[in-house]
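Here are some notes to read alongside the model, for someone opening it for the first time. Keep the view beside you and take the points one by one.

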Amino acid sequence: MTKKCIKKLLFILIAFIFIFSITANVFASDGGINLNTPTNTTNTATTTGTTTLEVVENNVCTIDVEDIAHFEKKITEFNESEKSVTLTLTLTNTKTIEESQKDAEIFFVIDNSSSMTEAYVGDITRKQAVINSANSLVEKLFEANPDIKIGIVGFSSLDSSAGETEGTINDANLRLELSNSEDNVKNAINNLSELKVGPRTNIEAGLTIADEHFSSDKNVDRYIVLLTDGVPNNATDGTFATYSGNVATRTKAKLEEIESAGINIIGAMINLNSEEIEPTTQKTYRALSEEIFGTEENSTISQYYYVPDSEIEDTIVNDIFNNLIVRKDNTLKNITIVDYFPQEIIDNFNFEYVASPNIGTVSQEVDTTNNSITWNIELLSEGETATLSYKLTLKDDYNKEIVDQIIKTNTHVDITGENNGNKLENTSDVSPTVRVKFKDTTIADKVIPQTGSNFDILFVIVISILAIILVTRLVYIKRNRK
C-alpha cells in the first residue's frame, strides 16, 4: 500500500467518524424521527388553561302583579375579570293615589259672627284664614271629582241693637245653591268677607238652611262642613244671647235630626278655649261646646275637630278633605318574593348581597333546603319601588363538567302578596343565562430523546480508536519494511 493510499484511507475513516457522529446527534434530538428506542425520557404534561365567564342572554324576568305592580329581575353588571354577574330585583307599585267619590253634595256652613273678624291668625283675621283654607279645600275637591256640587251658607245673627229680630232662621242666609262650578263656589266663599257681621252665633239657623237645600236624590253622598269659632248662643225659636238651655237643646237636636237623615256633618270648632269661663254659665267655652257636639272621641256628629288657630289650614285642607273623599287602597301588603337557584349555581358560584334592600328584609344566606332566598316587604305604597341586588362569582374550584353549558341564574321566581284583602300569586321561570368557557393551554405529553444511546456512542468511539490504531500500525510496518 502506497503512502498516498494510506493517507486517503485515513481521511476517509476520519470523515466517516465525523459524519456518523453528526448523524447520531441529529437523530437523537429529533422528536419526530428516532430509529432507536430511547432509554431515558422526560414527561412535561401540564393542566393549565384560561377560564372565562360570558353572558349568553340577559333575559329579563318580568312579572306583572295584577295591574298594581311590576317585578323585574335582570343582570345589571358583568365583571369579566372577576368572572361575576350582578343581578338586580325590583318591585314597583305602578299605581298612584286614587281618590274616588260617588256623586256628592256638600254645603259649607261658615261662621260670620264678630268673633271671627276680631281674632287674628298671623296678620289676617280668623275669618280670612278660614276663607282661604275653604277655597283650597274646594280646589282639591273639584280636582278629585269635577262633578261634585257645593253650596255655601253664612250664619251669625241679626243685630237687635239696630232693630233687627234675632233668634230666627234669618240669622243665616244662603249664599250659593248647590253648584258644580268651582269659580262660583270660590266667589261665594270670598263674598262672605263683605257680609254684615252679626254679634252672635246661630248654628241651628245655618244647619237648617243647608238641610233645606239639598236635592232629593238619595243616591248621592251628602255632607255639611261646619266651620265656626263659637258656641251657639242663638236659636231659631226666638231665643238669643244665652249659651245653654233651649239654645243648646235645639242645636243638638238639629244635629241629630240631620245625621239621622243620612247627611254627614263634619265640624271644625276653631280655638275654643278650654280654660276661659263663660260668665252666665260658669262653664268653659270648650265644655259648653261638648254638651252639644260631644268630644272628638265620642262625637254627636260624623266627625268633630277642635282646632287651634295654628292648625286651621291643615285641618280644613287635609283632614276634612280626607273625610269627604274615599281613597282607593292601591297599596301592596305582606309581599313575599322567593328567588330559586339551580344546583349548578349553588355548587359553582359564590353568592353575596351587593347591598341591603331599600324596603323590607331578606334572608341572610341561601336556604340550601330549596336553594332560594326570600325577600319580605310588609308594605309597598303607591309609586314606591323596592330594590335588591346580589352577585354571583365563579369559584376557582368549579366543576369542569359545567364548561360550555348554558346555566340559568335562577330556576324561577315566586311572588305573593295582598291588595284590599285579595290574595295575589304570580310566578315566572324566565332567567338570565351565563356560560363558563375554558381554553386549554396544556403542553401535550411526548418523549424527548436524550443525545443518543450511550452504547452506540461508546461503540463508535471504540471502533474509531481501533481503526486509527490499525491504520497507524500498518503505516509503521510499511515504513520499516522499506
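**Notes on the model**

1. Asn 420 sits in the loop that links strand 23 to strand 24. Its phi is near 55 degrees, which is positive although the residue is not glycine.

2. Before going on, a word on the ground rules. This is a predicted model, where local features need pLDDT of at least 70 and side-chain atom pairs count only at pLDDT 80 or more, while totals for chains, interfaces and linings use all residues. Numbering runs from 1 along each chain as its sequence is written, and side-chain values use heavy atoms, with hydrogens and water left out.

3. Now the overall picture. There are 10 helices and 25 strands in the chain; these are DSSP runs numbered from the N terminus, helices being H or I of at least four residues and strands E of at least two. Of the 482 residues, 40% are buried. The accessible surface is about 25,400 Å², with 49% of it belonging to carbon and sulfur atoms; the areas come from the Shrake-Rupley method with a 1.4 Å probe, and for residues only the protein chains shown count as cover. Looking at contacts between residues at least 6 apart in sequence, 75% join residues at least 24 apart (contact means heavy atoms within 4.5 Å).

4. Strand 23 (residues 412-419) and strand 24 (residues 422-428) are antiparallel and share 7 bridges; two strands pair if DSSP finds at least two bridges between them. The hairpin has 2 residues between its strands, and Asn 420 is the one with the positive phi. Thr 416 has Glu 425 in strand 24 as its bridge partner.

5. Strand 23 has another partner to look at. Strand 17 (residues 332-340) pairs with strand 23 in the antiparallel sense, over 6 bridges, and Ile 337 stands opposite Ile 415 there. Which residues of strand 23 are on the covered face, and which on the uncovered one? Val 413, Ile 415, Gly 417 and Asn 419 make up the covered face, whereas His 412, Asp 414, Thr 416 and Glu 418 are on the uncovered face. In a regular strand, side chains alternate between the two faces of the sheet.

6. Next, an open sheet of 3 strands, ordered 1-25-22 with antiparallel pairing. Strand 1 (49-57) and strand 22 (406-408) are its edges, each pairing on one side only. From one strand to the next, the twist averages 30 degrees. Strand 1 is joined to strand 25 (residues 433-440) by 8 bridges, and Glu 54 has Arg 435 in strand 25 as its bridge partner.

7. On to the helices. Helix 3 (residues 126-144) packs with helix 4 (residues 182-190) at about 170 degrees, the axes being 10 Å apart. Axes are lines fitted to C-alpha atoms, for helices over the stretch in contact, and angles run from 0 to 180 degrees between N-to-C directions. Helix 3 and helix 4 are therefore roughly antiparallel (under 35 degrees counts as roughly parallel, over 145 as roughly antiparallel, 65 to 115 as roughly perpendicular, and the rest as oblique). Among the residues in this contact are Ile 131 and Phe 142 of helix 3, and Val 185 and Ile 189 of helix 4.

8. Compare that with helix 6 (residues 246-260) and helix 7 (residues 285-293), whose axes come within 8 Å and cross at roughly 45 degrees. That makes helix 6 and helix 7 oblique to each other. Ala 248, Thr 251, Lys 252 and Leu 255 of helix 6 meet Glu 291, Ile 292 and Phe 293 of helix 7.

9. One more backbone detail: Gln 282 also has a positive phi, near 60 degrees, and is not glycine. Gln 282 lies in the loop between strand 13 (277-278) and strand 14 (283-284). Is Gln 282 buried or exposed? With 57% relative accessibility, Gln 282 counts as exposed.

How values were computed
Buried means under 20% relative accessible area, exposed over 50%, partly exposed in between (1.4 Å probe, protein chains only).
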